[in-house]
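Student: I would like to learn how to read a sheet in a model. Where do we begin?

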Amino acid sequence: MARGDPGRPAGLSLARGDTAINGATAVGDYRIAPRDILQVAVFQVQDLNNTVQVSEDGTVTLPLVGKVQLSGETTYEAEQTLTGKLRKFLQSPQVSISVKTYGKRITVSGEVKTPQVLPDDGNTTLTQGIAGAGGLSKLGNSSRVHIARSKDQHVQDEVYNLDDIQAGKAPDPVLRGGDIVVVESSGTRVALESVKDLLPFAIFASLM
């Protein structure tokens with residue numbers, strides 16, 4: 001998902017050079033955790049391409065290699081782990097891994113200064129999440145901030161006004177693991193279709 005892709009939330013690319021800010025995990029430094037959903041691709045071996053969820057014990061189960069421990073590794077490290085295991089079966093395997101959904105993390109993206117993947121401590125509110133991402137960018141629309149989450153096998157997309165929250169006119173919602181916060185650009189609306197594919201239900205539904 002490119003940052004310049006119009007109509008889609010920006011800032012979710014897994015650039016490995018990103019760094020941590022204010023204790024949050026920058027997207028590129030993110031370490032795989034239980035409940036994350038990973039896209040695994042093996043170059044020119046279509047049958048080994050999979051969308052898998054990391055189990056509570058931090059493992060994934062894949063063709064040929066079976067159960068593999070990936071929790072705690074970056075995507076680059078996980079690629080190297082799977083490449084090493086696949087060398088027993090393939091000559092010069094090329095593995096790529098991307099995180100499709102952060103199971104126990106909160107993703108803050110769109111028009112914020114520093115897109116972040118935040119830990120879910122059960123107490124992080126929307127305004128705190130935005131602050132953890134450095135606040136709104138110059139193009140951020142404070143009246144159009146989405147919280148997208150999976151609920152009862154449906155994607156729920158709520159839009160909040162940060163100005164009203166900060167003025168005490170509206171409650172500051174508490175975020176939870178798996179939530180995706182997307183700040184719209186001024187003058188541009190983000191449709192539900194632009195964020196729902198980042199949620200677990202949407203991914204698994206596409207496989208059915």
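Tutor: Strands of a sheet pair through backbone hydrogen bonds, either parallel or antiparallel. In this predicted model, an open sheet is formed by three strands in the order E3-E2-E6, with antiparallel pairing. Strands (E, at least two residues) and helices (H or I, at least four) are DSSP runs numbered from the N terminus, and two strands pair if DSSP finds at least two bridges between them.

Student: Which strands stand at the edges of the sheet, and why is one side of each left without a neighbour?

Tutor: Strand E3 (50-53) and strand E6 (95-101) do, because each has a single partner strand. From one strand to the next, the twist averages 25°.

Student: Over how many bridges do E2 and E3 pair?

Tutor: Strand E2 (residues 37-42) pairs with E3 over four bridges. Val40 has Asn50 in E3 as its bridge partner.

Student: Which helix lies across E2 and E6?

Tutor: Helix H1 (residues 75-86), which runs at about 135° to E6. Axes are lines fitted to C-alpha atoms, for helices over the stretch in contact (heavy atoms within 4.5 Å); angles run from 0 to 180 degrees between N-to-C directions.

Student: What is the mean pLDDT of the chain?

Tutor: pLDDT is the predictor's confidence in each residue, from 0 to 100. The chain's mean is 79, and 75% of its residues reach 70 or more. Over residues 1-24 the pLDDT is below 50.

Student: What are the ground rules?

Tutor: Residues are numbered from 1 along each chain as its sequence is written. Local features need pLDDT of at least 70, side-chain atom pairs count only at pLDDT 80 or more, totals for chains, interfaces and linings use all residues, and side-chain values use heavy atoms, leaving out hydrogens and water.
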